[in-house]
Amino acid sequence: MSDRSPAAVEPQTARLLLRRPTAADVDAIFAVHRDPETCAHNPSDALARFEEAEALYQRWDDQWQQYGYGYWVVRHHGSAQQLGFCGIKPMELHGAPVLNLFYRFATSAWGRGFAAEAAAAVATWASHHLPDLPLIARVRPANLASQRVAIRAGLNRAQHLDTEGYDGFDWIYIAQPANGATNPNLTAGENGL
């Protein structure tokens, strides 16, 4: 890809740099996803074997190769230490194409605003580079921390879009599109956006 492609633009904030994962990140992928606390609300995401982390990395890399975007490794400026992962993947919600916002951080990085900061950077990236795809976050009703991250990233609760997910019922949060476009499949609710 050229340097002007969306993939060449890596999100960053005052504290954080986000970069495309490499095979060298499999250890961190495994460490974060095998911790029972990080997957407490999404148990199907938990990993028990290193080979599962390798397969997860391969799925992430395949998405990058196919779409030119995906999940990023999040770290401090000037540090190689991975704090966690944040990014987007294409999916469908109620028959409409959307981008799902993902964030999962090591428990050692919790409580310092890193997830919200990274998620906001990814939301901004998506609004600039993929403005025609609505950005959503699927959050378990009991996951208050994840709900706060979605809100701080600029997404709003969209109760009319709530749906059954992989590990239970998902509350849906959605970002207002930067271009003002709306998808009738995603805005037809009595509460609107």
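Q: In this predicted model, is Asp25 buried or exposed?
A: In the predicted model, Asp25 counts as buried, because its relative accessibility is 1%.

Q: Which side chain does Asp25 meet in a salt bridge?
A: Asp25 meets the side chain of Arg19, with an N to O distance of 2.8 Å. Arg19 also counts as buried, at 18% relative accessibility, given that the cut-off for buried is under 20%.

Q: How many salt bridges does the structure hold?
A: The structure holds nine salt bridges. One of them joins the side chains of Asp170 and Arg140, at 2.2 Å from N to O.

Q: Where do Asp170 and Arg140 lie?
A: Asp170 lies in strand E8 (residues 168-175), whereas Arg140 is in the loop between strand E5 (135-139) and helix H4 (144-152). The pair therefore ties together parts that are 30 residues apart in sequence. Both Asp170 and Arg140 are buried.

Q: Which residues do salt bridges with shared partners join into one network?
A: Arg49, Glu51 and Glu52 are joined into one network. Within it, the side chains of Arg49 and Glu52 meet at 3.6 Å, N to O. Arg49 is partly exposed, with a relative accessible area of 49%, and Glu52 is partly exposed at 24% relative accessibility.

Q: Turning to helix H2, what span should its 18 residues have?
A: At 1.5 Å a residue, H2 (residues 50-67) should span 26 Å, and this agrees with its end C-alpha atoms, which are 26 Å apart.

Q: Which residues of H2 are buried?
A: The buried residues are Ala53, Leu56, Tyr57, Trp60, Asp61, Gln63 and Trp64. They cover an arc of only 155 degrees around the axis, so they are on the same side of H2. On the other side of H2, Arg59, Gln65 and Gln66 are exposed.

Q: What do the buried residues of H2 pack against?
A: They pack against helix H1 (26-34) and strands E2 (71-76), E3 (82-93) and E4 (96-105). Just after H2, Gly68 takes a positive phi of about 85 degrees.

Q: How many aromatic pairs are there?
A: The count comes to nine aromatic pairs. Among them, Trp64 and Trp72 are edge-to-face, at 5.4 Å centre to centre with 80 degrees between the planes. Both Trp64 and Trp72 are buried.

How values were computed. Residues numbered from 1 in each chain as written. Predicted model: local features only at pLDDT ≥ 70, side-chain atom pairs only at ≥ 80, totals over all residues. Heavy atoms only, no water. Phe/Tyr/Trp six-rings, centres within 6.5 Å; stacked < 30°, edge-to-face > 60°. Buried < 20%, exposed > 50% of the residue type's maximum accessible area, 1.4 Å probe, protein only. Helix = DSSP H or I, 4+ residues; strand = E, 2+ residues; numbered from the N terminus. Expected span 1.5 Å × (residues − 1). Arc of directions from axis to C-beta. Contact = heavy atoms within 4.5 Å. Salt bridge = Lys/Arg side-chain N within 4 Å of Asp/Glu carboxyl O.
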